[in-house]
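User: I have a structure open here and would like to talk it through before I set anything up. Could you go over it with me?

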Amino acid sequence: MTSAPLALAVVIPTFNERANVPLLIGKLDHALGAARWEAIVVDDDSPDGTADAVRDLALVDSRVRIIQRIGRRGLSSACIEGMCATAAPLVAVIDGDLQHDEALLPRMLLALRDDAALDLVIGSRFVAGGGTGDWDRDRVAKSALATRLARRVLKADLSDPMSGFFMIRTEILRGIVPGLSAIGFKILLDIMTSGPRPLRFVELPYTFRMRIAGESKLDHVVAMEYLIALYDRMFGRIVPVRFAMFSAIGALGAAVHLSVVWLFFRAIGVTFLGATIVATAAAMTFNFYLNNALTYRDRRLKGWRALLDGWASFCLVCSVGALANIGIAAFLHDMRDGAWAASALAGVLVGAVWNYALSSRFTWGRY
Ligand code: GDD
Ligand code: MN
């Protein structure tokens, strides 16, 4: 080997950015000039064919690589996988839609080279000289709220904790990865709050550009994922976030159950047993649907076949859970006559843990 060693990897998470990525690679080439770098595009199998567009580039430019993930979604997890896929000592993450200013990369590189004690450099819209360009007031307000929340909850003293634009030493990163929650959009927050010690960082200003082609993926679900990520950081060790969601959805299911019983038994006049059977089926279907869309969004079952199988296994698991619930409650109630509420609660808790553990294993296939 004669050439200089690889200095930097630039990770580019993409979903439907076919029109943008080739332009971004050109801009990287211009900005990074003589430094030895590689670009790692992590694409979640975009329907617009972003991955193929990247392959076309990679055929003629060996600095360009592609990781195409099938059946997966998530900005944070895409960034993490990209950052772990390089031998370079430094890695940057930059959006694939040209909204981040790639001209900052050489300065980030220099900052890390000049100061060995520095762990990462963060591109910030909120230090002097930075900006959010042409954002409308609504987006400015929402971003400010999310920023305040992050600072309060996580005690991370960052001006722009929502930034998705930064450069970090890969060795440091690899040490942190096992503890990352990998949920949602907020990869930087995750990194800053996961390590055993506070990371040393500097913030460099840049102006967030307008998106020209394609559209933003930041929607309500992403906003919800943000709250989930905050929850996970605060209480995740005590009550895992998935279990909390599963239980909350279970409580909604109980409300559905009661409403359906009321409707069929009181309003329509079906027998109580008949109403209960309908209500049970309705509540389980409702819970299956919501858990599939929210709790297990990252491995959501799609297509009729998978949905039907998943639904059947979910109903089976929940039926056994209901039996356990009844058994435990009745047993405790017999033992300690009168403590009916505590007995009922214990039954519900055992049933919930059972349903959660078994459905995450069998319905949504995890461990
Ligand atoms: N692989 C992958 N998977 N990439 C994704 C996904 C996903 O599920 N969702 C979004 N991306 C890619 C987009 O293609 C884009 O390159 C980048 O991640 C940012 O996504 P946008 O949808 O453009 O987000 P934004 O511009 O609204 O949000 C930006 O600003 C926020 C601050 O307000 C991002 O930089 C955020 O990281 C940042 O927090
Ligand atoms: Mn964007």
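Analyst: Let me begin with a term that will come up: a residue counts as buried under 20% relative accessible area, as exposed over 50%, and as partly exposed in between. On that scale Asn16, at 26% relative accessibility, is partly exposed. Please keep in mind throughout that this is a predicted model.

User: Okay, and where does Asn16 lie?

Analyst: Asn16 belongs to the loop that runs between S1 and helix H1 (21-32).

User: Which other residue has a positive phi although it is not a glycine?

Analyst: Leu98 is one, with a phi of about 70°, and it is found in the loop between S4 and H4. Leu98 counts as buried, because its relative accessibility is 11%.

User: Let's go to the ligands. How many residues surround ligand 1?

Analyst: The shell around ligand 1 holds 27 residues, and the closest of them are Glu17, Arg73, Asp95, Met162 and Lys217. By type, the shell divides into 10 nonpolar, seven polar and 10 charged residues.

User: What are the polar side-chain distances to its oxygen atoms?

Analyst: For Glu17, a polar side-chain atom lies 2.5 Å from an oxygen atom of ligand 1, and for Arg73 the corresponding distance to an oxygen atom of the ligand is 2.6 Å. Arg211 also takes part, with an N or O atom of its side chain 2.7 Å from an oxygen atom of ligand 1.

User: How much of ligand 1 does the protein cover?

Analyst: On its own, ligand 1 has 740 Å² of accessible area, and the protein covers 98% of that. Strand S1 (8-14) and helix H3 (75-83) are the elements that give two or more residues to the shell.

User: Is H3 mostly covered or mostly open?

Analyst: H3 is mostly covered, with seven of its nine residues buried. The buried ones are Ser76, Ser77, Ala78, Cys79, Ile80, Gly82 and Met83.

User: And the metal, what are its protein donors?

Analyst: The manganese ion, which is ligand 2, has Asp97 (OD) and Gln99 (OE1) as its protein donors, lying 1.9 Å from it. Asp97 counts as buried because its relative accessible area is 5%, and Gln99 is likewise buried because its value is 11%.

User: What else does Asp97 touch?

Analyst: Not counting residues up to four places away in sequence, Asp97 touches Glu17, Asn20 and Arg211. Asp97 sits in the loop between strand S4 (90-93) and helix H4 (105-114), and its side chain reaches the backbone nitrogen of Gln99 at 3.2 Å. Two of these names have come up already, as Glu17 and Arg211 each have a polar side-chain atom at an oxygen atom of ligand 1.

User: Changing topic: is Asp160 buried or exposed?

Analyst: Asp160 counts as buried, because its relative accessibility is 0%. Its place is the loop between helix H5 (137-154) and strand S6 (166-169), where a polar contact of 2.7 Å joins its side chain to that of Arg125. Leaving out residues up to four places away in sequence, Asp160 touches Gly123, Ser124, Arg125, Phe126, Leu188 and Glu203.

User: Now Val260, which helix is that in?

Analyst: Val260 is in helix H9, residues 241-268, and it counts as buried because its relative accessibility is 14%. Apart from neighbours within four places in sequence, Val260 is in contact with Val278, Ala279 and Ala282.

User: How far is Val260 from Leu105?

Analyst: Their C-alpha atoms are separated by 58 Å, and the two residues are 155 apart along the chain.

User: Before I go, what does the whole protein look like in numbers?

Analyst: The protein has 12 helices and seven strands, and its C-alpha trace spans about 80 × 45 × 40 Å along the principal axes. Of its 367 residues, 44% count as buried. The accessible surface comes to about 19,200 Å², of which 64% belongs to carbon and sulfur atoms. Among the contacts with a separation of 6 or more, 74% are between residues 24 or more positions apart.

Note on methods:
Residues are numbered from 1 along each chain as its sequence is written. Chains are lettered from A and ligands numbered from 1 in the order in which they are written. Side-chain values use heavy atoms; hydrogens and water are left out. A residue is near a molecule or strand if one of its heavy atoms lies within 4 Å of it. A polar contact is a pair of N or O atoms within 3.5 Å; within protein, one must be able to donate a hydrogen and the other to accept it, and residues adjacent in sequence count only if both atoms are side-chain atoms. Accessible areas come from the Shrake-Rupley method with a 1.4 Å probe; for residues, only the protein chains shown count as cover. Helices (H or I, at least four residues) and strands (E, at least two) are DSSP runs, numbered from the N terminus. Ala, Val, Leu, Ile, Met, Phe, Trp, Tyr, Cys and Pro count as nonpolar, Asp, Glu, Lys and Arg as charged, and the others, Gly among them, as polar. Donors are N, O and S atoms within 2.8 Å of the metal (3.2 Å for Na, K and Ca); water is not among the atoms, so sites may look incomplete. Buried means under 20% relative accessible area, exposed over 50%, partly exposed in between (1.4 Å probe, protein chains only). Contact means heavy atoms within 4.5 Å.
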